[in-house]
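Me: Could you take me through the aromatic side chains in this one? I have the sequence and the coordinates open.

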Amino acid sequence: MYDAIIVGAGPAGAATAYHLAQRGHSVLMLEKEALPRYKPCSGAVSPSVAQFFDFDFTPVIDRPMRRVRYTYKLDDPVEAELETADPIWMVQRDRFDHFLVQQAQGQGAQLKDQTPVLGIENRGDYWQVSTANETLEAAYLVAADGATGPMAHWLGFPDLPRRTASILEVPAPVGDDCAINFEFGLVKQGCAWNFPKAQGYSIGVVTFLGKAPADHSKVLTQYSQSFGVSPDQGTVYSHPLKLWDGNHPLHTHRAVLVGEAAAIVDPLSAEGIRPGMISGVRAAEAIHAALEGDPEALANYTATMHSTWGEDMPWAKRIAGLFFRVPGIGYRVGIKRPTATQRLGQLLAGELRYADIAGRVMKRMSGGFLSG
C-alpha cells in the first residue's frame, strides 16, 4: 500500500509527489498519457515557483522574457519591461512537466504512465484505485487530472463550468526583440495573446465572460497574421479551463484536489501553473501531517488555499467583470498607465494581491465610464 496515489502527472501532481517523496513517503503517480506529452498551454511560468523547490529549473526554461507588448484591436501598442527580480519563464509543457516528474522520481516517487484510472473506491481507511491491469491501494488520494479528468466527480465534488481556450502552436523564427504579447478588443469579453518560445509562437484566445463563440478561428487568423504567421502553418488545440468561481472544499475523506482539477486557475489572467504547483506543495504538507496523525490536516489544506489564494480571487473576478465588458476603457485607463506592467509582474510573482489594487482599478474604470 502506498502512502499516496496521485492521479495526473502535470505540474500540480508532480509538485505534490515531489514534496511527499522528499518527506520519505511512498508515492505513486498515475498518468494516462505517455510521458513526455504535449499539453495545450501557452506556457508562461512565474519564477516565484522556484522558492518552493530545491532544484534548478534552468534546463527547461525555453526563453526568459521581460518585454511585454499590449495592443487594442491590433492598434495603439504599448511596450514595457517587467521589473521583477527574474524574467517570466516561457516553457514547453511537455519538457517542463516531464522535468518535474523526473525530479519527483529522483526523490523516490514512482510513475506509471500510459495508465488511465478506471475507477476508485473508498475502503474506509484507504482507497482502491483501479487500472486496466491492476488494483492499487493508498492511504491518501490526490486528484491532479486537470479540468476534464473524472476524479473530482468520482470523489463527489460538484461539476464546475469550463471555458475553452484555443491555442495555436506555430514553429517560426523568433527574433531576440520579441515580447510577451496581449491583445484586447479583438476578442469580445476576452483576450488574445502570443507567447514566444525559442523556436516558435504559442498564440491563444479565450473569452472570460458571457457565451463563448463556437470557435476562435477568425480571431486566431487575424491575430496570428499580425505576427506574419497563420494557423495553416501550425496546429490549433483546444484547452479547457476550469476557472476559479468561488471557494469550495478541496478535500474529502482521505483525498484532496489540486491544480486545475480543483479550479485553481486565475479568473482574470487564466494563470494556472504557478497556483497549481503551490496547491500541490500545500497538499503534500497536509497529507504529510495527516500521515503523522493530524485529523484536521486535510481540512487545513482547504482553509490554507482559501486564505492564501482563494480569498484574493473575488477581486480578480470583479476586475475581470469590469475590464472585459468594456476593454476599451480598461485599456485606456489601466493598461496604458506606466505602472500597469510593474503591477502585472508583482501579481505573477506573488508580491502583490488583487485586493491591493482592486479599489484603484475599479475607481479608474468608473472614472473612465464618466469621461468616456
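**Aromatic rings**

Reply: In this predicted model, one aromatic cluster is formed by Tyr18, Phe53, Phe55, Phe57, Trp89, Phe96 and Phe99.

Me: And how many aromatic pairs does the count come to?

Reply: The count comes to 19 aromatic pairs. One of them joins Phe53 and Phe55, whose rings are 5.4 Å apart centre to centre with 50° between the planes, which makes the pair tilted.

Me: Is Phe53 buried or exposed, and what about Phe55?

Reply: Phe53 has a relative accessible area of 9% and is buried, and Phe55, at 16% relative accessibility, counts as buried too, because the cut-off for that label is under 20%.

Me: OK, now Tyr72 and Tyr331: what kind of pair do they form?

Reply: Tyr72 and Tyr331 form a tilted pair, with 5.6 Å between the ring centres and an angle of 35° between the planes.

Me: Where do those two lie in the chain?

Reply: Tyr72 belongs to strand β5, which covers residues 67-72, while Tyr331 belongs to helix α8, residues 327-335, and so this pair ties together parts that are 259 residues apart in sequence.

Me: How accessible is Tyr72, and how accessible is Tyr331?

Reply: Tyr72 is partly exposed, its relative accessible area being 22%, whereas Tyr331 is buried, with a value of 2%.

Me: Switching to charges, which residue lies over the face of Trp315?

Reply: That is Arg318, which lies over the face of Trp315 at 4.5 Å from the ring centre.

Note on methods: Residues are numbered from 1 along each chain as its sequence is written. This is a predicted model: local features need pLDDT of at least 70, side-chain atom pairs count only at pLDDT 80 or more; totals for chains, interfaces and linings use all residues. Side-chain values use heavy atoms; hydrogens and water are left out. Rings of Phe, Tyr and Trp (its six-membered ring) pair if their centres lie within 6.5 Å; planes under 30 degrees apart count as stacked, over 60 as edge-to-face and the rest as tilted. Buried means under 20% relative accessible area, exposed over 50%, partly exposed in between (1.4 Å probe, protein chains only). Helices (H or I, at least four residues) and strands (E, at least two) are DSSP runs, numbered from the N terminus. A charge sits over a ring if NZ of Lys or CZ of Arg is within 6 Å of the ring centre and within 35 degrees of the ring normal.
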